[in-house]
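Okay, thanks for staying on, everyone. Let me put the structure up.

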Amino acid sequence: MSAEAKGPAYHRLEIGDPAPWFSQRTAQNPRFVMDVVAGRWIVLGFFGSASDPAGRAAIDDILAHRHLFDDTRACFFGVSIDPGDEGEGRVADSMPGIRYFFDFDYAVSRLYGALPVDAGPESNELAFRRFFLVLDPTLRIRAAIPFEGGTTRLFDLLAALPPPDHYSGILLQAPILFLPNVFEPEFCRHLVGLYERHGGEESGFMREIDGKTVAIQDKSHKQRRDYTIDNDDVIAATRARVRRRIAPEIKKIHQFEVTRMERYIVCCYDADEGAHFRAHRDNTTNGTAHRRFAVSINLNDDFDGGEVSFPEYGPRSFKAPPGGAVVFSCSLLHAVSRVSRGKRYAFLPFLYDDAAAKIREANNQFLGEGVGAYRTGANQPGKAARTG
């Protein structure tokens, strides 16, 4: 991104650039995280204000073509900087597929070059640029269309775009490792037995709130129960298998030396509870920023659903055989589909290295109440241990 030579300085995004990630308020969510909508074509419409004739006309055209926005193939996000659009009801979400960001602090508009980089609420005159950006399913910029060109070009482009899973021109494979025979059948049964003997507790997820990493419970986003292994011998057995059967593959493929392992849990996705985990990434808070690779090892196969998918790379989902692992970067958007029959049991650690361990310790200051602190060199069940 570069600034213009004359006049106000704007961020400039070009075709092929990654779209900056952000969170901003919508009517339904005080902190809508933009990057979790990857996996479909996304249109960002920087219209400024619906009280402006050009902005109003663009919104009306979008609504007239709402069949193009179904949240599966494509979705639309309008970006408003006018509090009157919300207060006077000039814009409203139209589900599925059409939503609005209330960018009253100008954060998104500055980030994307609709407003100058130094624009603030105290600015007397705002040189607002009105345009559409079309993002591909991996959140890279596919097209930029100024309002002056009208909406016809936008709708013609959307109609001609391929299905999201063929956005690059070919059917892509998610960049994951799929490894059978990580755990032996007897060891899988032993871990399932531990869960059935002790039971599991409701499992939450981490979120950044007011600069702190806190644990959140939201069953619409995640429904799962976890048992934390507290037997040192079992912990050592899991670690030895990961060290011998997963770490060498990560080193071969990614040239990354795994030395640390976090979290020793047997989890249960139960169909009777509608268990699932909606699309998310595993390293987006200060308390999880050290995580490098996620590992999902299935312990049984007598269930339906509960498959891992990677929306940025198409709708295909993955179900490893018992003892088999799906291994992937913690930066990848992924989801676990709802279990429709039976119970899915899995072992779900995170892997990282010594350099990331220092990041983890340095970020103790950002942990909220109830989120355990970490010390480099710790060998504590459920927290971290060396893999070798």
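So, helix 5 and helix 6: they pack at an angle of about 140°, and their axes are 12 Å apart. That makes helix 5 oblique to helix 6, since only angles over 145 would count as roughly antiparallel. The crossing of the two is left-handed. And keep in mind that this is a predicted model.

Who makes the contact? From helix 5 you've got F187, H190, L191 and L194, and from helix 6 there's V234, A237, T238 and R241. Sort them by class and you get 5 nonpolar, 2 polar and 1 charged residues.

Now helix 5 itself. It runs over residues 185-198, so 14 residues, by the DSSP runs, and it reaches 20 Å from first C-alpha to last, close to the 20 Å expected. Its buried residues are F187, C188, L191, V192, G193, L194 and Y195. Besides helix 6, those buried residues pack against strand 13, strand 15, strand 17 and strand 23.

Last stop, N286. Where does N286 sit? In the loop between strand 16 and strand 17. N286 has a relative accessible area of 26%, so we call it partly exposed. Skipping its neighbours within four places in sequence, N286 is in contact with E208, G211, T213, N363 and F366.

Terms used. Residues numbered from 1 in each chain as written. Predicted model: local features only at pLDDT ≥ 70, side-chain atom pairs only at ≥ 80, totals over all residues. Heavy atoms only, no water. Helix = DSSP H or I, 4+ residues; strand = E, 2+ residues; numbered from the N terminus. Expected span 1.5 Å × (residues − 1). Buried < 20%, exposed > 50% of the residue type's maximum accessible area, 1.4 Å probe, protein only. Contact = heavy atoms within 4.5 Å. Axes fitted to C-alpha atoms, helices over the stretch in contact; angles between N-to-C directions. Parallel < 35°, antiparallel > 145°, perpendicular 65-115°, else oblique. Left-handed = near helix turned anticlockwise from the far one by under 90°. Nonpolar A, V, L, I, M, F, W, Y, C, P; charged D, E, K, R; others polar.
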